[in-house]
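Hi,

Here is the structure we talked about handing over. Please have a look, then read my notes below.

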Amino acid sequence: WKEIKFSTASYTDSSDDETSPRDKQQKNSKGSSDFCVKNIKQAEFGRREIEIAEQEMPALMALRKRAQGEKPLAGAKIVGCTHITAQTAVLMETLGALGAQCRWAACNIYSTLNEVAAALAESGFPVFAWKGESEDDFWWCIDRCVNVEGWQPNMILDDGGDLTHWIYKKYPNMFKKIKGIVEESVTGVHRLYQLSKAGKLCVPAMNVNDSVTKQKFDNLYCCRESILDGLKRTTDMMFGGKQVVVCGYGEVGKGCCAALKAMGSIVYVTEIDPICALQACMDGFRLVKLNEVIRQVDIVITCTGNKNVVTREHLDRMKNSCIVCNMGHSNTEIDVASLRTPELTWERVRSQVDHVIWPDGKRIVLLAEGRLLNLSCSTVPTFVLSITATTQALALIELYNAPEGRYKQDVYLLPKKMDEYVASLHLPTFDAHLTELTDEQAKYLGLNKNGPFKPNYYRCLAPTPPLKTGKPG
């Protein structure tokens, strides 16, 4: 195994160039060096990937057409920290078409597609990201996005909360000019609520993660399709008959379980919430505690957004060749730090795949060092990301254009009207035809004929403090 070189999800990762991008002097064709990517010469290949993604992102392309007449983000200076993929590139270029200036870093050290980062840098976007960053590189890239002479961000688009955290830690005065934060993930939203509860959230924030379009589509359908892809590309494993435990039965866990069950795997679920637990039982899954099955399962998948879900004690009890991976945003779910001890041997098998070997010869297969499996080890379906990216764009437009006083220093859900608008923009792809209510039917249901069709509290996960829902702009 050690002698064979395998390519990874990104076409360009087989490059032998080990020089850190931070040590390179690169310029794009316009002479700008305000970026840091693996290799600017890969821009042409990255551009083709972006063009392919555009075909599967109809709503963003529709927003661009509208932007030819109006620029709802004119004057917006957006600093972003998300996965840098072809789909994100379509979002960034859409934000640019809507009038915004953008600077961008990656929210995950493994998920950047180098050729896409190069294409964005060639197009004039200040992008600071490459696949395989160190922890120090990660924070350096975020700092290069934020700490720029003569450029002050007035909007934040975050995925995981690291960018927001960095600005609070290093440049708190910047929040005086920031109009709002749009946050994408469970982890980042949790951090925002912590700030809000402590009275430290000094700008309005939009919780995109709990919007219907994110929960029902990205978290569920994206994970249903990408979990198998990530596992296949890294391990070439057979799913039929394998015993799998999925920790967490939220939308991500539901997607993972559905895919594995369809492939013939025997799936167990762990859950703390009795409602999600009952859903798992009704869907035909055995609800267990992790300790009850840890010795027998072939795969362990975490989907909770929590910390230390899989501990060193669990890892010690796993069977030989058990595959361990995480589908939650943060890398805190598996206690990887506990494995970095002298008695255990680490062997790199291929990119994002490590064998951790115990003194008796037992080994586990750890994927992406406990970081997000699908975006670290494979790709994700573009169409589903179109739904999330459009939601992010509308949340930015809403917060940026909101009149003074509409949003307080708190966390808000996207208005349901916008959720429904995002969904409607994607229906033409399927040649789908919506039924319209008659006046009589609308009156009977007490609804406006044009929506919203769901109450503001629909799908509200009601964390503490209670969610506030934004007013339609």
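Phenylalanine 217 and tyrosine 221 sit four residues apart in helix H8 (residues 212-235), so about one helical turn separates them. This is a predicted model. The two rings form a tilted aromatic pair, 5.9 Å centre to centre, with 40 degrees between the planes. Phenylalanine 217 is partly exposed, at 27% relative accessible area. Tyrosine 221 is partly exposed too, at 32%.

There are eight aromatic pairs in the structure. Another tilted one joins tyrosine 168 and phenylalanine 175: 4.2 Å between centres, 35 degrees between planes. Both tyrosine 168 and phenylalanine 175 are buried. Ring pairs also link Phe138, Trp139 and Trp166 into a cluster.

Two lysines sit over rings. The charged end of lysine 179 is over tyrosine 400, 4.6 Å from the ring centre. The charged end of lysine 362 is over tryptophan 358, 4.1 Å from the ring centre.

Now the core. The largest nonpolar core holds 56 residues. Leu73, Ile78, Leu95, Trp104 and Val127 have the most contacts inside it. Elements giving two or more residues include helix H1 (43-55), helix H3 (86-97), strand E2 (101-106) and helix H14 (382-401). H14 supplies the largest share, ten residues.

Which residues does valine 127 touch, leaving out those up to four places away in sequence? They are Asp34, Phe35, Cys36, Val37, Ile84, Met92, Trp104, Ala117 and Leu120.

Best wishes

Methods:
Residues numbered from 1 in each chain as written. Predicted model: local features only at pLDDT ≥ 70, side-chain atom pairs only at ≥ 80, totals over all residues. Heavy atoms only, no water. Core = buried A, V, L, I, M, F, W, Y, C linked by side-chain atoms within 4.5 Å. Buried < 20%, exposed > 50% of the residue type's maximum accessible area, 1.4 Å probe, protein only. Contact = heavy atoms within 4.5 Å. Phe/Tyr/Trp six-rings, centres within 6.5 Å; stacked < 30°, edge-to-face > 60°. Lys NZ or Arg CZ within 6 Å of the ring centre and 35° of its normal.
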